[in-house]
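Subject: Structure for you, with notes

Hello,

Here is the structure I promised to pass on. Please open it alongside this message.

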Amino acid sequence: MTDKIILIVIGLEWLIFGLIGLISPVYIAALLDMQLGSSIGYNELRAMYAFFACMGFTALLSLWNVKLKKTAYLLFCIVLGCFLIG
């Protein structure tokens, strides 16, 4: 039961956050107080937030596919661990 709650919360959070960044990189850049000087910056931001949306989708999909649960947790540990180190 705890796994389902964690995966639902993490999945929805990352999916919504990723979709907002994918649809409106200007809004996300303003939230992060970033200056995007060219279209390459917008594309990089969209690519990163598309990956975040895929991470959220993977977490939500792992609720029905039990084999995907380990992959979802490993993916979050690697990505968030890299953010922590960086």
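Below are my notes, from the overall fold down to single residues.

**Overall picture**

Keep in mind that this is a predicted model. The protein chain has 4 helices and 0 strands. Read from the N terminus, the order is α-α-α-α. Along the principal axes, the C-alpha atoms fill a box of roughly 45 × 25 × 20 Å.

The chain has 86 residues, and 24% of them count as buried. Its accessible surface is about 6,000 Å². Carbon and sulfur atoms account for 72% of that area. Take the contacts between residues at least 6 apart in sequence: 59% of these join residues at least 24 apart.

On charges, there are 5 positive and 4 negative ones.

**Aromatic residues**

The whole structure contains 6 aromatic pairs. Phe17 and Tyr49 make an edge-to-face pair, because their planes meet at 70° with the ring centres 5.2 Å apart. Which parts of the chain does the pair of Phe17 and Tyr49 tie together? Phe17 sits in helix H1 (residues 2-23), and Tyr49 sits in helix H3 (residues 39-61). The pair therefore links parts that are 32 residues apart in sequence.

Phe17 is partly exposed, at 35% relative accessible area. Tyr49 is buried, at 3%.

Tyr49 also pairs with Phe52. That pair is edge-to-face too, with 5.1 Å from centre to centre and 80° between the planes. Both residues belong to helix H3. They are 3 residues apart there, so about one helical turn separates them. Phe52 is buried, with a relative accessibility of 5%.

Now the wider group. One aromatic cluster is formed by Trp14, Phe17, Tyr49, Phe51, Phe52, Phe76 and Phe83.

**The loop between H2 and H3**

Asp33 deserves a look. Most residues other than glycine have a negative phi. Asp33 is not a glycine, yet its phi is positive, at about 55°. Where is Asp33? It lies in the loop between helix H2 (25-31) and H3. Is Asp33 buried or exposed? Asp33 is exposed, since its relative accessibility is 70% and the cut-off for exposed is over 50%.

Start with Thr58, which lies in helix H3. Its side chain reaches the backbone oxygen of Cys54 at 2.8 Å. Setting aside residues up to four places away in sequence, Thr58 touches Leu68 and Ala72.

Next is Ser62, in the loop between H3 and helix H4 (67-85). How accessible is Ser62? Ser62 has 0% relative accessibility and counts as buried. A polar atom of the Ser62 side chain lies 2.7 Å from the backbone oxygen of Ala59. Which residues does Ser62 contact, leaving aside neighbours within four places in sequence? They are Leu7, Leu68, Lys69 and Ala72. Thr58 also touches two of these, Leu68 and Ala72.

**Where to look on screen**

Begin with the pair of Phe17 and Tyr49, which joins H1 to H3. Then go to Asp33 in the loop between H2 and H3. Finish at Ser62 in the loop between H3 and H4.

Best wishes

Terms used
Residues numbered from 1 in each chain as written. Heavy atoms only, no water. Helix = DSSP H or I, 4+ residues; strand = E, 2+ residues; numbered from the N terminus. Buried < 20%, exposed > 50% of the residue type's maximum accessible area, 1.4 Å probe, protein only. Contact = heavy atoms within 4.5 Å. Areas by Shrake-Rupley, 256 points an atom, 1.4 Å probe, with all protein chains shown as cover. Lys, Arg positive; Asp, Glu negative; His and termini not counted. Charge placed at Lys NZ, Arg CZ, Asp CG, Glu CD. Phe/Tyr/Trp six-rings, centres within 6.5 Å; stacked < 30°, edge-to-face > 60°. Polar contact = N/O pair within 3.5 Å; in protein donor to acceptor, adjacent residues only side chain to side chain.
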